Amino acid sequence: MKYIYTAPDCPKCETLKERYRAQSIEYIERDAGRLKNPAHDRDNIDVDAFVQLSMQNMILPVEINK
């Protein structure tokens, strides 16, 4: 399953979602804001996404395959 972390009003995020829809790729969308909130109970997918986001110089969207 693919997970994507997006933000509102993010053109790159919208482009990715449109591409996935056009290619009939199933995904679960998560708000990228959950990666900033340490009080949120993070799961392993969030941890992987945070690492990926760091490697992308904090640029969204983030794609995780699980």
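Select Arg30 to begin: this residue is buried, with a relative accessible area of 13% (buried is under 20%, exposed over 50%, partly exposed in between, using a 1.4 Å probe and protein chains only). The model is predicted, so local features need pLDDT of at least 70 and side-chain atom pairs count only at pLDDT 80 or more, while totals for chains, interfaces and linings use all residues. Residues are numbered from 1 along each chain as its sequence is written, and side-chain values use heavy atoms, with hydrogens and water left out.

Arg30 and Asp43 form a salt bridge, with 3.0 Å between the closest N and O atoms (a salt bridge is a side-chain nitrogen of Lys or Arg within 4 Å of a carboxyl oxygen of Asp or Glu). Arg30 is in strand β2 (residues 27-31) and Asp43 in the loop between β2 and α2 (44-55), so the pair ties together parts 13 residues apart in sequence. Helices (H or I, at least four residues) and strands (E, at least two) are DSSP runs, numbered from the N terminus. Asp43 is partly exposed, at 28% relative accessibility.

Now include Arg34 and Asp46: with Arg30 and Asp43 they are linked in a network of salt bridges.

Next, select Asp48 and Lys66, a salt bridge whose closest N and O atoms are 2.6 Å apart. Asp48 is in helix α2 and Lys66 in the segment after β3 (62-65), so this pair links distant parts of the chain, 18 residues apart. Asp48 is partly exposed at 30%, and Lys66 is partly exposed at 49%.

Finish at Glu14 and Lys17, a salt bridge at 3.0 Å between the closest N and O atoms. Lys17 is buried at 9% relative accessibility.
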